[in-house]
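Dear colleague,

Please find the structure below, together with its sequence. My notes on helix packing and aromatic rings follow.

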Amino acid sequence: MTENKARKRNVAAASADLDNAPMPVGRRSDRLRLRAAWMYHVEEMTQSAIADALGIGRVTVVRLLSDARNLHEVRITLSRTVSELTSLEMALERAFGIGEVIVAPVSSKDADPTRTIAAATGQFISEFLQPGMKIGVGWGKTLLQSLAFISDRQIPDITVVSLLGGIVKAKQYNPTEFAWQFSRLLQSECFLLPAPALVDSVETKRALIERCGLSEIFEVGRSLDAVLLSVGGMNPDATAYRFGYFSEQDRLALAKEGAVGDLLYFFYGLDGRLVDHPVNERVMAIPVESLAAAPNRILTSGGPGKIDAIIGAIRMVKPTVFITDEVTAASVLAAVGVPPPQVP
């Protein structure tokens with residue numbers, strides 16, 4: 001009897017903590033309010049069920065629903081465009097067990113979604129970062145363009161870690177260059193991985209880590225609070241093949257082993273497992289196991305040539321946040337056999 005009373009007190013205390021927790025601000029607060037309104041008025045979920053789904057207290061849900069009504073978001077039943085994006089987000093969250101999905105609109109089905117996704121990524125990162133965080137960053141066109149949308153504010157004690165070695169012959173973007181620009185924007189400390197992204201042998205990789213002082217960076221990589229990642233596809237003009245590290249023969253050999261994409265030059269299959277190819281042993285990058293162990297895993301990517309790559313990456317690192325565009329979102333759902341969401 002005493003144990004039951006204590007358990008009830010603990011549950012009540014936990015609920016009170018959720019209700020007293022500070023509300024997210026800015027765009028994240030708007031998204032939370034919209035989700036609560038959608039769940040309550042469209043999906044007819046109870047307030048308690050909404051609280052459990054969103055990880056907030058029931059009193060907070062009541063407040064969100066009241067705010068939605070006061071802002072006339074419910075009276076106009078949510079615009080169709082907003083409804084379509086929200087339904088895609090929630091369908092992806094359920095299909096893959098992702099905590100939060102952000103789907104950005106595009107002007108047409110044939111439009112390049114890179115800048116749209118980059119804008120959504122920059123806005124999310126601006127509100128996500130908190131003092132004292134250690135964040136590991138990948139690279140690529142999407143992440144580079146996101147810099148223009150990240151608030152250039154100083155956040156105390158932020159540490160930025162480049163997750164991949166550098167490119168000797170770089171054009172528009174380079175793993176170390178992105179990490180450096182990102183850290184400069186935040187006026188934060190930056191750890192670079194001063195080695196080629198790909199070395200000639202496992203022995204060289206081991207020597208660089210054990211004898212050349214790189215073990216510290218790999219150790220930092222095991223204790224990251226968050227990782228920000230993008231993926232590459234297997235088409236000939238994908239980022240991984242532009243810098244001469246991989247030949248057309250390599251690409252075909254990787255595809256033959258079942259590779260659907262790469263993340264930090266780690267090539268993996270549709271099932272989210274690394275393929276059996278020597279290149280995965282020669283990559284100078286923080287291991288996939290360390291990435292998957294970070295509490296916050298942000299995956300941002302999109303485009304028609306990356307559908308399988310995105311699905312494999314989701315299965316491999318199990319992102320807590322996934323940012324993409326509406327066309328890619330619908331294509332990913334179709335590829336895994338999820339019917340298109342019904343919009344009221």
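At what angle do helix α3 and helix α4 pack, and how far apart are their axes? The angle between α3 (residues 47–54) and α4 (residues 58–70) is about 105°, and the axes are 8 Å apart. Axes here are lines fitted to C-alpha atoms, for helices over the stretch in contact, with angles from 0 to 180 degrees between N-to-C directions. Helices (H or I, at least four residues) and strands (E, at least two) are DSSP runs, numbered from the N terminus. The angle therefore makes α3 roughly perpendicular to α4 (65 to 115 degrees; under 35 is roughly parallel, over 145 roughly antiparallel, and the rest oblique).

Please note that this is a predicted model, in which local features need pLDDT of at least 70 and side-chain atom pairs count only at pLDDT 80 or more, while totals for chains, interfaces and linings use all residues. Residues are numbered from 1 along each chain as its sequence is written, and side-chain values use heavy atoms, with hydrogens and water left out.

Gln47, Ser48, Ile50 and Ala51 of α3 make the contact with Arg58, Val61, Val62 and Leu65 of α4 (contact means heavy atoms within 4.5 Å). By class, the residues of this contact are five nonpolar, two polar and one charged (Ala, Val, Leu, Ile, Met, Phe, Trp, Tyr, Cys and Pro count as nonpolar, Asp, Glu, Lys and Arg as charged, and the others, Gly among them, as polar).

Helix α13 (residues 307–317) and helix α14 (residues 326–335) have axes that come within 10 Å and cross at roughly 70°. This makes α13 roughly perpendicular to α14. Ile307, Ile310 and Ile311 of α13 meet Thr328, Ser331, Val332 and Ala335 of α14.

Turning to the rings, the whole structure holds five aromatic pairs (rings of Phe, Tyr and Trp, its six-membered ring, with centres within 6.5 Å; planes under 30 degrees apart are stacked, over 60 edge-to-face and the rest tilted). Phe178 and Phe182 are stacked because their ring centres lie 5.8 Å apart with planes at 15°. Both residues are buried (under 20% relative accessible area; exposed is over 50%, partly exposed in between, with a 1.4 Å probe and protein chains only).

The rings of Phe246 and Phe267 have centres 5.3 Å apart and planes at 80°, so this pair is edge-to-face. Phe246 and Phe267 are likewise buried. Ring pairs also link Trp139, Phe246, Tyr265 and Phe267 into a cluster.

Yours sincerely
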